Amino acid sequence: MNPPTVISRRDLLKGAAAAAGGCLTLPMSLQGADSVAPKSVAAVVTRYEKGLHADVLIGKIMEGWKQDGGTGPALKLASMYVDQYGPGDLARGLAEKYNVPLFDTIEGAVTVGGNRIPVDGVISVGEHGDYPYNDKEQHLYPRRRFFSEITDTFRKYGRVVPVFNDKHLGPQWDDAKWMYDRAQELKVPFMAGSSLVVTYRDPELNLPMGSDIEAAVAIGYSGLDIYAAHALEVFQCLVERRRGAEKGVEWVQFLQGDAMWKAIDDGRVSSEIFHAALALVAASPEGVRQSKDASLFLFQYRDGLLGTLFMLPGFATGTAIALKVKGQQQLLATRFEERTQPRHPHFAYLLKGIERMIHTGKPSYPVERTLLTSGILDRALTSRLLNQERLVTPELEIRYAPVDYPHAPFPELTSSPVGG
């Protein structure tokens, strides 16, 4: 097995990544995207304002990768449904500018007002807007309702096209599982998940498939539902590359207070690995035990690996992971960047993966990753509500084969979506 590649940003820019021993750090095509006819997509979104997920995903289809009128994906926006029009709405103005029809039903958007499905894919962005919370503090975005109406339209008109669901499924487990089962039933090419799995990593880290991962610790920040989803998914996108993965999770537990720090003090969670990750996202790591509202998600994989995510709102400034690979003395650690310029570029790399699926009809990476992390998140928040009870999770025996898909700055945004 080749060792992991850990490269500084400076080395990456110098081109060192080009020699990264077989890892997918090369462009995924031999021809440019401009030689491929664009595919049409319908957008189904909760709210469309500057900086919201709809803006930094759908806006790149209309206005280019940098949203400056330059080169963009080989996609064309055919229609749009907006669930809520906020005070800073951009949808109406952009729809008029780019001659994109707005519809007041999801069926109308998917059919572009006709009696068939003329689009080649659907992008569903159920994030942001005025929606209720439940007692687990999950923000009840209408992702299931969106997917239900999209797929009901597929069934009604006898055609299925690829669908991307932004962020985690659900957010409640029953809804997440329903969405997955509906996609399986109708054979919908289905992708979902966080933009951070394809963002830039600092330092650059490429972990070979089949790595012998002995332990891993993730650090997250901000709200539990909104940002633990990101942290769990980037954790999973690395640990799924371990030998023999993925078979799912046996149990999940949420801890706070003395119980969470005891996990480090008694050696259950490696202090060394924890601090390796923490150092990338905290200005004063030594003060971590005084951080307000800190919590720990513990989850046991079926192959024995202990999943560990520390959520440190108000203390950590980003998302990071550190891990130990068998036979290697040096720990590996990286931060998953959230650059804001130009126009949140990690969403450009997410859109690149979506573009590839819509052109090939095959997901760029497995939706089961997002299903599993959605389940871990829901069960952790349930454990929190149940006084930190450990929950056995036979429903999370989710098996899938990970794929070696790259992250920023590859594949090149201008590369063909149908390349090898």
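Trainee: In this predicted model, which residues have the most contacts inside the largest nonpolar core?
Mentor: Ile58, Phe297 and Phe310 have the most contacts inside that core, which has 135 residues. Helix α7 gives the most to this core, with 11 residues.

Trainee: What does Ile58 touch, not counting residues up to four places away in sequence?
Mentor: Ile58 touches Ala43, Val45, Tyr48, His53, Leu77, Met80 and Ile123.

Trainee: Why are α2 and α10 called oblique to each other?
Mentor: The axes of α2 (residues 53–63) and α10 (residues 345–360) come within 10 Å and cross at roughly 60°. Angles of 65 to 115 degrees count as roughly perpendicular and those under 35 as roughly parallel; α2 and α10 are therefore oblique. Their crossing is right-handed.

Trainee: Which residues make this contact, and how do they divide?
Mentor: Helix α2 contributes His53, Val56, Leu57, Lys60 and Ile61, while α10 contributes Phe347, Ala348, Leu350, Leu351 and Ile354. They divide into 8 nonpolar, 1 polar and 1 charged. Lys counts as charged and Leu as nonpolar.

Trainee: What makes Gly223 partly exposed?
Mentor: Its relative accessibility is 28%. Buried requires under 20% and exposed over 50%, so Gly223 counts as partly exposed. Gly223 lies in the loop between β10 (213–220) and α7 (224–239).

Trainee: What is Gly223 in contact with, leaving aside its neighbours within four places in sequence?
Mentor: Gly223 is in contact with Ala228 and Met311.

Methods
Residues numbered from 1 in each chain as written. Predicted model: local features only at pLDDT ≥ 70, side-chain atom pairs only at ≥ 80, totals over all residues. Heavy atoms only, no water. Helix = DSSP H or I, 4+ residues; strand = E, 2+ residues; numbered from the N terminus. Buried < 20%, exposed > 50% of the residue type's maximum accessible area, 1.4 Å probe, protein only. Contact = heavy atoms within 4.5 Å. Axes fitted to C-alpha atoms, helices over the stretch in contact; angles between N-to-C directions. Parallel < 35°, antiparallel > 145°, perpendicular 65-115°, else oblique. Left-handed = near helix turned anticlockwise from the far one by under 90°. Core = buried A, V, L, I, M, F, W, Y, C linked by side-chain atoms within 4.5 Å.
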